[in-house]
Amino acid sequence: DLPGHRDGARDADGSWWWRQPRRRPRRNLLPHGEEAERLLQDLQARHMIRILDVMIAKSFLRIFMLFVLGAPLLFVVGDVVENVDRYFDRGLTLGEVALAYVFILPEFISWSFPIAALIAAVFTVHSMTQHLEVMAAKAGGISFHRLMVPLLAMGLLLTGGGLLLNEIVPLAKRRSGQILRSEQPGRQWRA
């Protein structure tokens, strides 16, 4: 053994140097004390807000979908009652009238979007207020305006959906009109 040679070098305690792990000074990478408590509270608050956002969005969508699917049926019933005599005077069968109303359905759904969103927002906030969820959130440090963010986000998404639905309405309306006037499906209005 040569004293400075790598194969035979020993430490002061007599152990071989390559068998000893190199010791680095330990640094605590995790926060501790008050900083750790503050970070934990922030994480819990963010997680709680996400849960609250999902709960508010689900409540809103449940009411919205109920109205969006229910209101067009009322529009169909009202239109059928008003026009049933004209349809049968033209000699249309029940199947043709039903098919025409299937094509009119996108228009009725687009009519119900704004009022459905309004009713869903009012009923969601009313339900949260009645069950003291708004008060509990405010006591937890969440403002009322922050609670309404999911409703605003859902409103923006539904606006986009309504705009896409309005692209379909003219085509469906034309097809429905052709059926109700006993025209050929390929015939254009200018021909």
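**Exercises: helices, salt bridges and a pocket**

Lys173 is partly exposed, with a relative accessible area of 41%; buried means under 20%, exposed over 50%, and partly exposed in between (1.4 Å probe, protein chains only). Residues are counted from 1 along each chain as written, and side-chain values use heavy atoms, without hydrogens or water. The model is predicted, so local features need pLDDT of at least 70 and side-chain atom pairs 80 or more, while totals for chains, interfaces and linings use all residues.

**Exercise 1. Find what Lys173 pairs with, and where the partners sit.**

Step 1. Go to the side chain of Lys173: it meets the side chain of Glu107 in a salt bridge, 3.1 Å from N to O. The rule asks for a side-chain nitrogen of Lys or Arg within 4 Å of a carboxyl oxygen of Asp or Glu.

Step 2. Helices are DSSP runs (H or I, at least four residues), and strands are runs of E (at least two), numbered from the N terminus.

Step 3. Check the cover: Glu107 has a relative accessible area of 13% and is buried, whereas Lys173 is partly exposed.

**Exercise 2. How many salt bridges does the rule give, and what does Asp53 pair with?**

Step 1. The count comes to two.

Step 2. Asp53 bridges to Arg146, with 2.8 Å between the closest N and O atoms.

Step 3. This pair also joins distant parts of the chain: Asp53 belongs to helix H1 (residues 34-89) and Arg146 to helix H4 (residues 144-147), 93 residues apart.

Step 4. Now look at the accessibility of each end. Asp53 counts as buried at 19%, and Arg146 as partly exposed at 27%.

**Exercise 3. Describe the overall build of the chain.**

Step 1. Count the elements: there are five helices and zero strands. Reading along the sequence, you get α-α-α-α-α.

Step 2. Ask how much is tucked away: 27% of the 191 residues count as buried.

Step 3. Look at contacts (heavy atoms within 4.5 Å). Among those with a separation of 6 or more, 70% come from residues 24 or more positions apart.

**Exercise 4. Which residues line the second largest pocket, and which helix gives the most?**

Step 1. Pick out the lining: Ser110, Phe113, Pro114, Ala117, Gly155, Leu158, Thr159, Gly162, Leu163 and Asn166.

Step 2. Sort them by element. H2 and H5 each supply at least two residues, and H5 gives the most, with six.

**Exercise 5. Where is Leu132, and what is its phi?**

Step 1. Leu132 lies in the loop between H2 and helix H3 (133-139).

Step 2. Its phi is near 60°, a positive value in a residue other than glycine.

Step 3. With a relative accessible area of 48%, Leu132 is partly exposed.

Terms used: 1 Å grid on protein atoms, 1.4 Å probe; cavity = no way out; pocket = protein on both sides within 12 Å on 5 of 7 lines; lining within 4 Å.
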